[in-house]
Amino acid sequence: MHDGGNLRKGVVLNVASIQKGECPISIVYDFDGMAKRDATGLPLQVVIPTDGTVGMLFAQYVSANAPHPNAAKGALDFLFSDEGQQMLAAGYAHPTRDIPLPAEVSAKMLPKEQYEKVHFPSNLKTFSTAIKSIVDGWTKIAG
């Protein structure tokens, strides 16, 4: 990418820079790429590396100091319900369980086969270690 002129330092990755052609290749999370694809109306292709990648974790929690902890727990219960998971999937997030998605949501997602070599760490320490390895490797390549 660097040698081909497709790695550009100092360009902010947003819908406007993509539409201007300033970001011919972007490295982002799949959900962000799909959102930008649909927001720009451009024929962008979202691709998962075939040699594997690390999936991102999102942590959900209830603060020990929450003024209404049961309301917060109720919000989390909804978030992890089928309806909540379908709402998150409409924004390109992967459901935590294998649930049926509305056809219009499934049509916007990448095929499951593209995720065969994606590793989803089971805890924050493993995730942090993987991210450090990715950053260190990227720094060697991109400078």
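A: Contact means heavy atoms within 4.5 Å. Among contacts in the protein between residues at least 6 apart in sequence, 47% join residues at least 24 apart. This is a predicted model, in which local features need pLDDT of at least 70 and side-chain atom pairs count only at pLDDT 80 or more, while totals for chains, interfaces and linings use all residues. Residues are numbered from 1 along each chain as its sequence is written, and side-chain values use heavy atoms, with hydrogens and water left out.

Q: What percentage of the residues count as buried?

A: Buried means under 20% relative accessible area, exposed over 50%, and partly exposed in between, with a 1.4 Å probe and protein chains only. Of the 143 residues of the protein, 20% count as buried.

Q: Which residues make up the largest nonpolar core?

A: A nonpolar core is a set of buried Ala, Val, Leu, Ile, Met, Phe, Trp, Tyr and Cys residues joined through side-chain atoms within 4.5 Å. The largest one has 8 residues, namely Met34, Val46, Ile48, Tyr92, Met109, Leu110, Tyr115 and Val118. If neighbours within four places in sequence are set aside, Val118 is in contact with Ile48, Thr53, Val54 and Gly55.

Q: Is Phe78 partly exposed or buried?

A: Phe78 counts as partly exposed because its relative accessibility is 36%. Phe78 belongs to helix H3, residues 69–79, and, not counting residues up to four places away in sequence, Phe78 touches Glu83, Gly84 and Met87. Between Phe78 and Thr129 there are 51 residues of separation in sequence and 31 Å in space, C-alpha to C-alpha.

Q: Where is Thr126 found, and which residues does Thr126 touch, not counting residues up to four places away in sequence?

A: Thr126 is found in helix H6, residues 124–142, and with that exclusion Thr126 touches His119 and Pro121. Its relative accessible area is 32%, so Thr126 is partly exposed.

Key
Helix = DSSP H or I, 4+ residues; strand = E, 2+ residues; numbered from the N terminus.
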